[in-house]
2 protein chains.
Amino acid sequence: MNKPGALSAEEAALFTDLYELTMAQSYLHEQMFAPATFSLFVRQSRINRPYLVAAGLEDVLHYLEAFSVSSEAIDYLHSTGIFDSAFLDYLGHLQFTGSVRAIPEGRLYFYEEPILEITAPIIEAQLVETLVINQINLQSVVATKAARCFWSAGDRSVVDFSLRRTHGVDAGMKAARSSYMVGFQSTSNVLAGKTYDIPVTGTMAHSYVTSFESELESFRAFAKSFPETTVLLIDTYDTVTGARKAVVVAHEMESHGNRLLGVRLDSGDLLALSRHVRRILDEARLEYVLILASGGLDEFEVERLVSADAPIDGFGIGTRMGVSGDAPWLDMAYKLVKYGGRPVLKLSTGKISLADEKQVFRLMDSERRLRGDVIGLADDPLPEPEAESLLETFMQEGKLAKRLPSLHEIRERFQQDFSALDDRFKSLKKARKYPVRLSNRLRKLQKALEREAEAAEIG
Amino acid sequence: MNKPGALSAEEAALFTDLYELTMAQSYLHEQMFAPATFSLFVRQSRINRPYLVAAGLEDVLHYLEAFSVSSEAIDYLHSTGIFDSAFLDYLGHLQFTGSVRAIPEGRLYFYEEPILEITAPIIEAQLVETLVINQINLQSVVATKAARCFWSAGDRSVVDFSLRRTHGVDAGMKAARSSYMVGFQSTSNVLAGKTYDIPVTGTMAHSYVTSFESELESFRAFAKSFPETTVLLIDTYDTVTGARKAVVVAHEMESHGNRLLGVRLDSGDLLALSRHVRRILDEARLEYVLILASGGLDEFEVERLVSADAPIDGFGIGTRMGVSGDAPWLDMAYKLVKYGGRPVLKLSTGKISLADEKQVFRLMDSERRLRGDVIGLADDPLPEPEAESLLETFMQEGKLAKRLPSLHEIRERFQQDFSALDDRFKSLKKARKYPVRLSNRLRKLQKALEREAEAAEIG
């Protein structure tokens with residue numbers, strides 16, 4: 001059963017750049033059926049992301065497993081006049097029969113490291129490029145941004161409020177899943193709650209307040225409807241006045257044996273206002289009432305508030321997390337690294353790719369903290385006995401090769417990896433560069449191939 | 001029939017922030033069934049977008065028409081323990097029965113102007129908030145960014161290459177639709193081509209080139225497969241050397257009575273390389289071979305290339321357009337402006353909303369060029385006899401009230417509006433601010449309501 005916002009198998013086959021199909025037709029003309037390995041990785045760039053979180057693999061595996069081109073899709077392709085009938089006939093019978101090795105979701109990875117490698121007859125491996133990048137890029141982008149927000153909040157809770165300004169349906173669903181993966185406590189997205197078994201939470205909107213004749217009346221009505229879970233939004237007219245009205249309602253709730261859960265600040269100077277509101281609440285003996293904050297938050301603003309010790313118990317983080325405001329994409333690429341047993345690369349200015357099937361080895365110190373990674377060839381020996389190989393085989397001959405972890409398991413896996421990464425690699429503005437090097441065998445092969453390609457192609 | 005990546009009606013009802021549902025339950029408790037009007041608009045901000053393009057209405061109307069809460073959704077809501085059975089029963093019978101007035105897709109609009117107003121019983125109007133913002137925000141963001149790219153290219157063509165790094169399925173589809181709406185010539189997205197009847201185009205990838213023993217061989221093979229539409233990607237090893245090989249293949253194609261369509265540059269200094277490659281082609285009497293460019297392009301880079309008169313015939317614009325790299329969201333909000341006949345507003349710091357049902361009037365000069373807009377009350381008279389009212393009624397009593405324009409008609413509508421807007425309002429970095437003012441009646445009402453709310457709520 002498809003997840004909401006996902007493509008059916010029939011649609012997925014056409015969710016591709018046209019050139020994947022024209023190249024496929026040409027491969028067929030040339031009778032090129034040898035196995036090809038493509039490697040997915042993020043190019044080093046000036047984007048401020050010292051670590052990356054792997055996410056999106058589950059979707060990619062489901063799409064690959066179900067890959068097929070429907071007769072309706074064939075009819076459309078025929079109508080473009082670009083394709084010949086031999087190719088369309090071939091396409092109509094195509095399935096994905098390849099293998100997938102990948103870094104599991106929730107694990108940390110770094111620039112230039114292959115997060116996923118697909119080996120399949122070249123037509124199959126080529127045709128799935130666009131969908132593979134589309135799904136893993138988005139989810140890595142959001143999981144990574146959300147991890148930064150989670151980290152900046154320290155021991156205070158963070159909640160996903162991003163749905164309304166994420167980029168459409170799929171992005172809204174994936175923002176909830178990706179942020180929960182990296183430690184968010186809950187989401188406001190009800191459909192994501194249902195689909196992914198994520199806790200859902202929420203407060204109230206300004207429209208609720210303004211629909212009543214007075215703010216106080218609106219607070220009372222909400223408290224009556226939700227005597228145990230009311231969080232009052234107090235900035236509709238003026239935050240401080242709103243806090244005083246919240247006190248009135250909280251005391252009324254006490255007289256009925258209930259407790260106001262919290263208040264939410266959504267505008268203005270959140271540091272000064274949270275202090276002022278905390279004082280008002282405490283003076284009214286409402287120490288138990290939580291203060292939540294929202295409104296344009298990201299990891300930088302959260303860090304500022306936390307390091308000033310703002311009395312804020314939880315942050316609702318929306319748009320800037322959900323679209324990864326300061327870096328809405330990664331320079332993620334899917335490059336041919338081997339064809340018919342021959343390792344290959346490209347030399348384009350600033351975009352040289354690493355040849356051949358690879359593995360990523362993670363080095364740990366004696367306390368199992370991350371020391372650095374080695375990008376090696378797939379058949380390299382472990383660089384150290386305690387090193388870990390990150391890429392695991394998830395698919396063979398087009399079928400899932402292992403049980404996929406649940407989102408809750410992925411969430412635990414992330415916490416494990418993330419807590420093993422030193423804070424100096426996590427700093428928001430000037431993180432230390434995490435050490436990643438090439439294995440000797442990969443470095444030698446790469447040098448030789450670069451020289452060879454230069455001599456043969458450029459001269 | 002649902003579009004690819006869209007939600008089914010059953011799913012759409014839960015694609016919402018939880019608080020819409022808790023507020024709805026409280027409205028029901030309070031027996032609040034009066035009509036409410038919500039207004040969708042973009043708050044003034046420092047985002048560099050001097051004009052905005054309306055997009056996304058079609059999806060919203062389809063979702064509203066089909067709105068219903070399935071028993072499966074009710075079961076999930078029940079399981080959260082948040083809702084009572086009276087509300088869930090009410091929800092199970094709910095449909096959208098309201099009206100929608102909106103600025104048609106493809107038209108220009110500006111900050112603070114209502115792009116859409118929904119009037120419906122408050123529970124209905126409240127519940128659809130998240131979905132309405134999600135769809136219109138994304139599509140406005142991308143259409144606006146794409147319009148800037150289209151404008152910067154002048155008379156050269158622009159093509160959507162964004163699919164792989166857009167934010168998931170829905171965003172990928174909408175990037176193709178939104179960019180075609182504002183003048184892009186075609187898209188690489190095959191599924192969007194099929195779904196929206198947009199021309200699809202493409203070239204070849206580096207993987208194609210590296211899968212062959214030599215670059216020259218790969219060029220020959222592609223030309224053999226596509227004797228009339230071949231565009232060779234020439235930067236896999238070295239752009240200048242690649243251009244020389246393209247010349248060889250172009251001459252071979254001529255000897256078979258065919259013509260090489262073009263070459264594509266994808267890395268390096270596009271200005272210098274395009275000049276060098278043009279010279280190589282021209283010296284080989286291949287004046288007809290087009291030069292296309294891609295790779296990290298946006299409106300700023302395109303403007304730089306065009307103003308330096310780079311010999312580039314077309315631009316493939318990808319990621320930065322598809323995610324609106326420099327401004328991946330608009331500060332779009334959906335605010336209650338009237339309830340039970342009473343106009344309302346909020347006063348939150350920096351986020352004051354304009355009360356009551358509104359209309360946007362567009363003033364034209366004698367040559368039908370845009371002079372400025374007036375935001376007025378819905379029942380304001382035209383400020384000038386030649387002024388145009390932008391908000392049109394699209395839905396009444398939950399049913400479509402008019403035929404929706406085709407994407408091709410919307411595209412023409414955009415061209416009409418856009419060409420009537422002076423270039424000084426379109427400049428990429430320092431556009432003149434387009435004049436937007438409030439009508440006298442709206443201004444007076446707003447002032448009175450602000451004073452009233454301050455007195456009543458803040459004191």
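## Basis of the description

Local features of this predicted model need pLDDT of at least 70 and side-chain atom pairs count only at pLDDT 80 or more, while totals for chains, interfaces and linings use all residues. Residues are numbered from 1 along each chain as its sequence is written, and chains are lettered from A and ligands numbered from 1 in the order in which they are written.

## Chain A overall

Chain A contains 17 helices and 19 strands; helices (H or I, at least four residues) and strands (E, at least two) are DSSP runs, numbered from the N terminus. Along the principal axes, its C-alpha atoms fill a box of roughly 80 × 55 × 40 Å.

Of the 459 residues in chain A, 56% are buried. A residue is buried if 20 or more other C-beta atoms lie within 10 Å of its own, exposed if 12 or fewer, and partly exposed in between, with C-beta atoms placed from the backbone. Two residues are in contact if their C-beta atoms, again placed from the backbone, lie within 7 Å. Among the contacts in chain A with a separation of 6 or more, 73% are between residues 24 or more positions apart.

## Strands of chain A

Strand β5 (residues 116-121) of chain A is largely enclosed by the rest of the structure, because five of its six residues are buried. Strands are said to pair if DSSP finds at least two bridges between them. Strand β1 (residues 35-42) of chain A runs antiparallel to β5(A) and is joined to it by six bridges; A:A36 has A:A120 as its bridge partner in β5(A). Strand β3 (residues 99-102) of chain A is also antiparallel to β5(A), with four bridges, and A:S99 has A:T119 as its partner there.

Chain A also has an open sheet of six strands with parallel pairing, in the order β7-β6-β11-β10-β9-β8. Its edge strands, each pairing on one side only, are β7 (186-187) and β8 (231-233) of chain A. Within this sheet, four bridges pair strand β9 (residues 262-265) with strand β10 (residues 290-293) of chain A in the parallel sense, and the partner of A:L265 in β10(A) is A:A293.

## An exposed loop residue

A:E367 lies in the loop between β14 (358-364) and β15 (370-377) of chain A. This residue counts as exposed because it has 6 C-beta neighbours inside 10 Å. A:E367 and A:A420 are 53 residues apart along the chain, and their C-alpha atoms are separated by 8.8 Å.

## The antiparallel sheet of chain B

In chain B, seven strands form an open sheet with antiparallel pairing, in the order β13-β12-β1-β5-β3-β17-β18. The edge strands are β13 (342-343) and β18 (399-400) of chain B, each of which pairs on one side only. Strand β12 (residues 332-339) of chain B is joined to β13(B) by two bridges, and B:K338 has B:P343 as its bridge partner in β13(B).

## Helix α16 of chain B

Helix α16 (residues 407-419) of chain B has 13 residues and reaches 18 Å from its first C-alpha to its last, close to the 18 Å expected at 1.5 Å a residue. The expected span is 1.5 Å times one less than the number of residues.

The buried residues of α16(B) are B:I410, B:F414, B:D417 and B:F418. Seen down the helix axis, they fall within an arc of 95°, so they line one face of α16(B); the arc is that of the directions from the helix axis to the C-beta atoms. The elements covering these residues include β2 (52-53), β4 (108-109), α7 (129-152) and α8 (168-181) of chain B. On the face turned away from the buried side, α16(B) carries the exposed residues B:E412, B:Q416 and B:S419.

## Contact between the chains

In the contact between the chains, 93 residues of chain B meet 93 residues of chain A. Helix α2 (residues 18-29) of chain B gives the most to the side of chain B that touches chain A, with eight residues. By class, that side of chain B has 41 nonpolar, 35 polar and 17 charged residues. Ala, Val, Leu, Ile, Met, Phe, Trp, Tyr, Cys and Pro count as nonpolar, Asp, Glu, Lys and Arg as charged, and the others, Gly among them, as polar.

Helix α2(B) is mostly covered, with ten of its twelve residues buried; among them are B:L18, B:Y19 and B:Y27. From its first C-alpha to its last, α2(B) reaches 17 Å, close to the 16 Å expected at 1.5 Å a residue. B:Q31, which follows α2(B), has a positive phi, near 55°.
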